[in-house]
Amino acid sequence: MFLGPPTSFISEHVKISDTDSENLIINVGNYAIINPRVSFKYLASVPDNEAVSSPNFQQAMIKPGIIDIGEYTIIADGCQLEASDSEKTLIGSYIYIDPAVKVEKGASIGDFCTLGAKCIIKRGAKIGKRCEIAAGTIIERNSIIPDYSIVYGSNALVKPNTFEASGVEQHMKDMKMHVDLLLRIMPSYNNRKADSGEKRTGH
């Protein structure tokens, strides 16, 4: 289920099964854009060997998974976002996520970040604000990336970024311009979900 204002844009071509739609609450901020073929997945927090019919599995399925997506955040084609009944996934504001990025359950991404194509943010990883994650980078499970970091390579090498305070203001301005442009052109070839409004239900 998608919850968000009509100012956001959620493609009708997002990928979410009926079961996952029933078990996920996806909170979408003002002027956020979710492109086609972005998939959302609900993962119940039960042992791998637990049967679907077991009481533990059925109890887990009662609790929704939550994904929060902040304002002016753009999620490009082919990304995958996960959440579970016990691990909320947080995507901050003014974030640009390139195509085919995977964000596993329980991960969080701070405001003003950029995630390069095909990077993987593993379960429980915490990325601080104003970070740049290079394409193809793998952030390992439960890793903590400090604010103002550049991360690159398969080994997720981290080095400090030298952003100035004014850089955040420019980043916000750039993202607003980008979102404004996309909101003007996307409806012409990519329909907004038919149930747009304060409450949106995935299908």
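Predicted model: local features only at pLDDT ≥ 70, side-chain atom pairs only at ≥ 80, totals over all residues.
**Entry 1: lysine 102 and glutamate 82**

I began with the side chains of lysine 102 and glutamate 82, which meet in a salt bridge at 3.7 Å, N to O. I noted that this pair links distant parts of the chain, since lysine 102 sits in strand β11 (residues 102-103) and glutamate 82 in strand β8 (residues 80-84), 20 residues apart.

I then looked up accessibility for both partners: lysine 102 comes out at 27% relative accessibility and counts as partly exposed, whereas glutamate 82 has a relative accessible area of 8% and is buried. Because buried means under 20% relative accessible area, the 8% of glutamate 82 places that residue in the buried class. I also found that Glu82, Lys102 and Glu104 are linked in a network of salt bridges.

**Entry 2: the total**

**Entry 3: glutamate 140 and lysine 122**

Next I turned to glutamate 140 and lysine 122, whose side chains meet in a salt bridge at 3.5 Å, N to O. Glutamate 140 lies in the loop between β17 (138-139) and β18 (144-145), and lysine 122 lies in the loop between β14 (120-121) and β15 (126-127), so the pair ties together parts that are 18 residues apart in sequence.

**Entry 4: arginine 184 and aspartate 180**

I then checked a pair within a helix, where the side chains of arginine 184 and aspartate 180 meet in a salt bridge at 3.0 Å, N to O. Because arginine 184 and aspartate 180 are 4 residues apart in helix α3 (residues 165-185), about one helical turn separates them. Arginine 184 is exposed, with a relative accessible area of 62%, while aspartate 180, at 40% relative accessibility, counts as partly exposed.

**Entry 5: the sheet**

Finally I looked up the strand order, and found an open sheet of 5 strands running β5-β8-β11-β14-β17 with parallel pairing. Which strands form the edges of this sheet? They are β5 (39-43) and β17, each of which pairs on one side only. I followed the pairing of β5 with β8, where 5 bridges join the two strands and the direction is parallel; serine 39 stands opposite glutamine 80 in β8.

Key
Residues numbered from 1 in each chain as written. Heavy atoms only, no water. Salt bridge = Lys/Arg side-chain N within 4 Å of Asp/Glu carboxyl O. Buried < 20%, exposed > 50% of the residue type's maximum accessible area, 1.4 Å probe, protein only. Pairing = 2+ DSSP bridges.
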